[in-house]
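Here are some exercises to work through with the model open beside you. Try each task before you read its solution.

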Amino acid sequence: GDYDADGVCGVSLLVEVLNRLNADYTYYIPSRFDEGYGLNKEAIIKVKERGTSLIVTVDCGSVSFYEVQYAKELGMEVIVTDHHNINDKPVSCLLINPKQKDCRYPEKELSGCGVAFKLAQALQRKRPDLLTKADVNRVLDLVAIATVGDIVALSGENRTMVKYGLRFINSGSRPGLSLLIQKVGLHEKEIKSEHLAYVIVPHLNAAGRMVSASAGVRLLTSNKEEEREDISEELLYSNRDRKRLQEIAFDTAMGKVKEYHSE
């Protein structure tokens, strides 16, 4: 997955779905500092060494032609779920992206997590004995955060998913998210889209920008109270540190502007 709030929520969504399906899985989010965005050969080698036979991407991969080829050469299958624009060399694997040529899906502006949600709905239809519609609907809180956080159009299907996702958020059904809401000083049952945009999303983004995006996934999916407590504090610290560095960068830039105009 990607290391922003959209990718973190998308990975968390599939973690929850795969748990319901009793799947043998692990997740991997590349380091913003060491690896950069999306699929890369080093990451593919690492997941291959874990015994992986299938890679499913979230919020990335549509233009990773050579990386997908490399994964296939190592004996792995790849499914790309993504919402970014596609270049003239699409990946040669199963590609789930509403922006691909000749795709008839009516909603073209889904978030990356929204596309992962479509995959979850398809899996539910295949295995209703393990994954119910209620199970899938319960991850709409993650879709709502990702949709608002990635600034995709809040119309059509996106608007509907955010509406019902906010209801799940305000029901307090995700302990890690509820804890974060409490720690940032918001009131549960009163969360609106602006709270997601200006408070929740920045804290999830801060993890990927300052330390590791996997902290966000662990917070959103953990069933251990002590772990959630530690991670929520980590996200609070990361966001404060992000603000501090942002202010330093802004002041430095303004200083250079003033220096230029004074010459």
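**Exercise 1.** Leaving aside its neighbours within four places in sequence, which residues is phenylalanine 168 in contact with?

*Solution.* Before starting, note that this is a predicted model, where local features need pLDDT of at least 70 and side-chain atom pairs count only at pLDDT 80 or more, while totals for chains, interfaces and linings use all residues. Residues are numbered from 1 along each chain as its sequence is written, and side-chain values use heavy atoms, with hydrogens and water left out.

Step 1: find phenylalanine 168 in helix 7. Helices here are DSSP runs of H or I with at least four residues, strands are runs of E with at least two, and both are numbered from the N terminus.

Step 2: look for contacts, meaning heavy atoms within 4.5 Å. With those sequence neighbours set aside, phenylalanine 168 touches Asn137, Arg138, Leu140, Asp141 and Ser173.

Step 3: Phenylalanine 168 has 23% relative accessibility and counts as partly exposed; buried means under 20% relative accessible area, exposed over 50%, and partly exposed in between (1.4 Å probe, protein chains only).

Step 4: Phenylalanine 168 and aspartate 129 are 39 residues apart in sequence and 23 Å apart in space, C-alpha to C-alpha.

**Exercise 2.** Work out the strand order of the open sheet and say which strands stand at its edges.

*Solution.* Step 1: trace the 3 strands of the open sheet, and you get the order 1-2-3 with parallel pairing. Two strands pair if DSSP finds at least two bridges between them.

Step 1: go to the edges. Strand 1 (54-58) and strand 3 (94-96) each have a single partner strand, so one side of each has no neighbour in the sheet.

Step 2: compare directions. On average, neighbouring strands of this sheet are turned by 15 degrees against each other, direction ignored. The axes are lines fitted to C-alpha atoms (for helices, over the stretch in contact), and angles run from 0 to 180 degrees between N-to-C directions.

Step 3: zoom in on one pairing. Strand 1 and strand 2 (residues 77-81) pair in the parallel sense over 5 bridges, and isoleucine 55 stands opposite valine 78 in strand 2. Since 4 of the 5 residues of strand 2 are buried, that strand is largely enclosed by the rest of the structure.

Step 4: pick out leucine 54 in strand 1. Leucine 54 is partly exposed at 41% relative accessibility. Not counting residues up to four places away in sequence, leucine 54 touches Glu77, Val78 and Ile79.

**Exercise 3.** Find the residues with the most contacts inside the largest nonpolar core.

*Solution.* Step 1: know what to look for. A nonpolar core is a set of buried Ala, Val, Leu, Ile, Met, Phe, Trp, Tyr and Cys residues joined through side-chain atoms within 4.5 Å.

Step 1: pick out the centre of contacts. The largest core has 51 residues, and Leu13, Ile145, Ile169, Leu196 and Ile200 have the most contacts inside it. Helix 1 gives the largest share, 8 residues.

Step 2: follow isoleucine 145. Leaving aside neighbours within four places in sequence, isoleucine 145 meets Cys9, Ile169, Leu177, Leu196, Ile200, Val201 and Leu204.

Step 3: look for a separate group. Another core lies apart from the largest one, with 14 residues including Tyr28, Val47, Ile55 and Leu95.

**Exercise 4.** Is helix 10 largely enclosed or largely open?

*Solution.* Step 1: check burial. Helix 10 is largely enclosed by the rest of the structure, because 6 of its 8 residues are buried. The buried ones are Ser214, Ala215, Gly216, Val217, Leu219 and Leu220.

Step 1: look at the cover. Helix 1, helix 6, helix 8, helix 9 and helix 11 are among what covers those buried residues.

**Exercise 5.** How is the aromatic pair of phenylalanine 65 and tyrosine 66 arranged?

*Solution.* Step 1: apply the criterion. Rings of Phe, Tyr and Trp (its six-membered ring) pair if their centres lie within 6.5 Å; planes under 30 degrees apart count as stacked, over 60 as edge-to-face and the rest as tilted. The whole structure has 1 aromatic pair.

Step 1: read off the geometry. Phenylalanine 65 and tyrosine 66 are edge-to-face, 5.3 Å centre to centre, with 90 degrees between the planes.

Step 2: compare accessibility. Phenylalanine 65 is buried at 18%, whereas tyrosine 66 is exposed at 55%.
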